[in-house]
Amino acid sequence: MWPNQDSFFGEVRVIRILVIIILFCLSSSVAMAGEADVVRVEVKRSGTVYDFAVTVSHHDEGWKHYADKWVVVAPDGHVLATRTLYHPHVDEQPFRRSLTGVKIDAKIRKVTVRAHDLIHGYGGREVVVDLPD
């Protein structure tokens with residue numbers, strides 16, 4: 001028996017509290033993985049194209065929440081190249097992936113590399129890179 005309340009209304013109150021706690025825990029677990037961060041970028045020039053090796057950090061949680069790509073972006077916001085990541089890297093953090101043969105106009109001297117995840121999109125740490133001569 002619930003003190004000072006009818007048994008039915010006491011049970012409803014307890015159920016509501018449990019539902020709130022469960023929803024809070026579920027929403028917290030999604031937020032805990034956070035946004036995907038670019039932590040290191042290496043660029044090599046090979047003639048008229050560039051090769052990128054990018055290290056990304058993200059607390060991948062499985063197929064529903066993982067870092068799914070990184071992009072190379074020109075100063076005007078145009079995406080120059082995309083490296084798609086086809087699976088979660090739960091046990092490999094941070095991880096490094098490469099993209100070769102990226103053509104970039106000779107007038108562009110700097111690019112930004114940013115990572116993307118399935119839940120947050122873009123928004124984590126970005127790295128601005130001076131392109132080698």
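I looked up valine 113 first: valine 127 of β7 stands opposite it. I then checked how β6 (residues 110-117) and β7 run, and they pair in the antiparallel sense over 4 bridges. Pairing here requires at least two DSSP bridges between the strands. Helices (H or I, at least four residues) and strands (E, at least two) are DSSP runs, numbered from the N terminus.

The model is predicted: local features need pLDDT of at least 70, side-chain atom pairs count only at pLDDT 80 or more, and totals for chains, interfaces and linings use all residues. Residues are numbered from 1 along each chain as its sequence is written, and side-chain values use heavy atoms, with hydrogens and water left out.

I went on to the faces of β7 (residues 127-130). Val127 and Val129 are on the covered face; Val128 and Asp130 are on the uncovered one. In a regular strand, side chains alternate between the two faces of the sheet.

Next I took arginine 97, in strand β5 (residues 95-103). Is it buried or exposed? I noted it as buried, because its relative accessibility is 18%. The cut-offs are under 20% relative accessible area for buried, over 50% for exposed, partly exposed in between (1.4 Å probe, protein chains only). Beyond four places in sequence, the contacts (heavy atoms within 4.5 Å) of arginine 97 include Trp70, Arg83, His89 and Glu92.

Last, I searched the whole structure for aromatic pairs and found 1. The rings of tryptophan 63 and tyrosine 66 have centres 5.9 Å apart and planes at 85°, so the pair is edge-to-face. Ring centres (six-membered ring for Trp) of Phe, Tyr and Trp must lie within 6.5 Å; planes under 30 degrees apart are stacked, over 60 edge-to-face, the rest tilted. Tryptophan 63 is exposed at 59%, whereas tyrosine 66 is buried at 9%.
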